[in-house]
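Below is a short report on a predicted model.

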Amino acid sequence: MCETCGCGDPEVVPVDVQESLLAANDRTARHNREHFAAERLLAINLMGSPGSGKTALLEATASRLEGRLRLAALSGDLATDRDARRLGKAGIPSLSITTGSGCHLDADLVHQALHDLPWRQSDLLFIENVGNLVCPAVYDLGQTASVVALAVTEGEDKPLKYPTMFRKADLVLLTKVDLLPHLPGVDVAAIEDALARTMPEPRMIAMSAASGEGVDEWIQWLEERRAEVAAAGRLAARHEHGHGHGHGHGHEHGDGHRHGHAEAGSARPGGRP
Amino acid sequence: MHETSLVSALMQQVEAAAMELRASAVHRIRVRIGELAGVEPQLFASAFELFRERTICAAARLEIVTAAAAWTCPGCGAAIAPGQVLRCPDCALPARLASGDEIILERIEMEVPAARDRGRNVPPRRERTMEATDV
C-alpha cells in the first residue's frame, strides 16, 4: 500500500532491503583477501593526499627490503603511469591502474589488475591508491592492512577533517618530518592528539624518505605484519592437512568473470588471478 | 566524487529488486548514510538526480536518513562522545564504532501491477532497466 502520498494505492509495495551499497565491492574484496591469504602475501592499501610522499616512501622501502622481502606494487592514478615507472626503476615490479576520472580504486579494479602482475612471486604487495583523503577510504580492496601517509606540510587537523580515512587506518606514516624545522606552526603532538580522536588504536610512525629517519621503524612494522600473515598461512595449512583435505583452496569465482586458466601460454599456472 | 559510484550501485540494486517484482515504477527509495561513512548526502542526492533520468526511478523520491556516529566501550558499554579520545577512560579499551559508518539501501516502494496482471510473460520495462544499468 502506498505510504508515499497517503493515497492508499494497493499496487504500491514497500520492500525492506537493508543491503549495503558496497555489497558488490565487499564481495570482490573478500575474494581478493582470500587470494592474498592463500599466498601468504601481505597486501597494504597505501592511501594519502596527492603529494603526501607515497611513492617516495615506497622507493625508500624497496631499497631497504632488497634481498629480504619480495615486493610488488599496483599504483592507481587518474592519468599517466609515472608512479608505476618510478617504482619499477626502484626495483618493484609494478603495474599502473589508470582510473580516468575515478577518484579511488575499488576491489574489482585491483582484482583485474592482479591478472597482469606477477604478484604470486611476492611477499608484500603495495596497492598505492589514488591520491585523495576521501574516496579511497570507502572502498575495501581486500588488503591486509591500511596505511595512510600524511605529510607534515598538510597541517595538524587533517585527521579531524577526514575522520573516515584515519578511522580505518592501521598505521599512519607522518612523512617528510625532515621539513619540521621549517614549519614552526606544525606540532607533532597536536597531530598525535588528532589521531587519538579519530583512530581507536592510533599508531603513527614519523619518518622521512629523504633523511631516512623512521624508516627502520616502518620496515620493522612491515616485517612484523608479514610474519603474522605467514604464521596465519602456516596455521591454515596445518589445519587443512590435519583434516585430510587436499591442497586445493577450492573457492569459487563467484564474481561473474572468467579467469582464463586454460589460455595457451598463460603466465598464471596457479589458476588463480 | 565516489558518490557517483555509490549511486550507480544503488541503481543496480533498485533495478534488480524492481525486476524481481515486475514493478512498473519506483515511488520512493530510502537510504541510510552514516556520519562517518565518508559520503556527502548532498552529493549523493545530486548524483541520483543525474542517474535517475529515463530509468524506472525517473519519478522516484530519494530519502536520505543520516545516522550519527556512536562510539562505545566494548568492555563496559559506556558511550564515548565523538571528538573525544577514542579510549574508554575507565577500562582503557579502544572504542568501537557502534553505528555511523553504514551506507545502506533500507527500503524501496514500488508500483507493482495487481496480481491478475502478473502471469504475463513480459516483465515490464526490462529494456529500460538494462539501459539504466549501463550508465
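Is Glu20(B) buried or exposed?

## Glu20 of chain B

Glu20(B) is exposed, its relative accessible area being 68%. Here exposed means over 50% relative accessible area, buried means under 20%, and partly exposed lies in between (1.4 Å probe, protein chains only). The residue Glu20(B) belongs to helix α1 (residues 2-21) of chain B. Helices (H or I, at least four residues) and strands (E, at least two) are DSSP runs, numbered from the N terminus. Pro94(B) is 74 residues from Glu20(B) along the chain, and 44 Å separates their C-alpha atoms.

## Strand β2 of chain A

Seven of the seven residues of strand β2 (residues 42-48) of chain A are buried. Both of its faces are covered: one side carries Leu42(A), Ile44(A), Leu46(A) and Gly48(A), and the other carries Ala43(A), Asn45(A) and Met47(A).

β2(A) pairs with strand β5 (residues 124-128) of chain A in the parallel sense, over five bridges. Two strands pair if DSSP finds at least two bridges between them. In β5(A), Leu125(A) stands opposite Ala43(A). β2(A) also runs parallel to strand β6 (residues 145-151) of chain A, joined by five bridges, and Ile44(A) is opposite Ala145(A) there.

## Ser75 of chain A

Ser75(A), in strand β3 (residues 71-77) of chain A, is buried at 1% relative accessibility. Beyond its neighbours within four places in sequence, its contacts (heavy atoms within 4.5 Å) include Asp83(A), Leu95(A) and Glu128(A).

## Basis of the values

Residues are numbered from 1 along each chain as its sequence is written, and chains are lettered from A and ligands numbered from 1 in the order in which they are written. In this predicted model local features need pLDDT of at least 70, side-chain atom pairs count only at pLDDT 80 or more, and totals for chains, interfaces and linings use all residues, while side-chain values use heavy atoms, with hydrogens and water left out.
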